[in-house]
Amino acid sequence: TSFFPSYFQVSTGAYKRQVHEVPLGKQITDPALIEKITWATWTSILGDEVIGIWPRNADKADVNCACVTHAGLNIVTGDDFGLVKLFDFPCTEKFVSGYFILI
């Protein structure tokens, strides 16, 4: 959800990021408008803000979940290899090496 409760984003099963307007559900497709939205939370594995969480040669299904910290400074991901990784947020540089978290 965004800080202005007018938008929400979803990741589709086809690995597409969609942004919608509340309450009508109208899809927003203007990249300039989407770029201006300040998100209150982030749990998407898709978007320019998280391009760096994807390892080199990753399959689309390799990264399963993501969540930005309350401070908005880090993002944690979980993947198919059983790893939990910590990255700076936003993570806009491709193929960033995250920090592994042992559980």
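Biologist: Which order do the 4 strands of the open sheet follow, and what kind of pairing do they have?

Modeller: Happy to walk you through it, bearing in mind that this is a predicted model. In general, the strands of a sheet pair through backbone hydrogen bonds, either parallel or antiparallel. Here the order is E4-E5-E6-E7, and the pairing is antiparallel.

Biologist: Which strands are the edge strands?

Modeller: Look for a strand that pairs on one side only. Neighbouring strands are turned against each other by 30° on average, ignoring direction.

Biologist: How many bridges join strand E6 to E7?

Modeller: There are 3 bridges between E7 and strand E6, residues 84–88, and the two run antiparallel.

Biologist: Now for a side chain. Where is Asp-62 found, and is it buried or exposed?

Modeller: Asp-62 sits in the loop between helix H1 (31–36) and E4, and it is buried. For a salt bridge, we ask for a side-chain nitrogen of Lys or Arg within 4 Å of a carboxyl oxygen. Asp-62 has none: Lys-85, the nearest side chain of opposite charge, is 8.8 Å away.

Biologist: What does the side chain of Asp-62 reach, then?

Modeller: The backbone nitrogen of Asp-59, at 2.8 Å.

Biologist: Which residues does the UniProt domain annotation cover?

Modeller: The unreviewed UniProt entry annotates residues 6–94 as "domain: EML-like second beta-propeller". In the model, that span is 7% helix and 33% strand, and its end C-alpha atoms lie 30 Å apart.

Notes:
Residues numbered from 1 in each chain as written. Predicted model: local features only at pLDDT ≥ 70, side-chain atom pairs only at ≥ 80, totals over all residues. Heavy atoms only, no water. UniProt positions renumbered as here; feature names shortened; annotations may be inferred. Pairing = 2+ DSSP bridges. Axes fitted to C-alpha atoms, helices over the stretch in contact; angles between N-to-C directions. Buried < 20%, exposed > 50% of the residue type's maximum accessible area, 1.4 Å probe, protein only. Lys, Arg positive; Asp, Glu negative; His and termini not counted. Polar contact = N/O pair within 3.5 Å; in protein donor to acceptor, adjacent residues only side chain to side chain.
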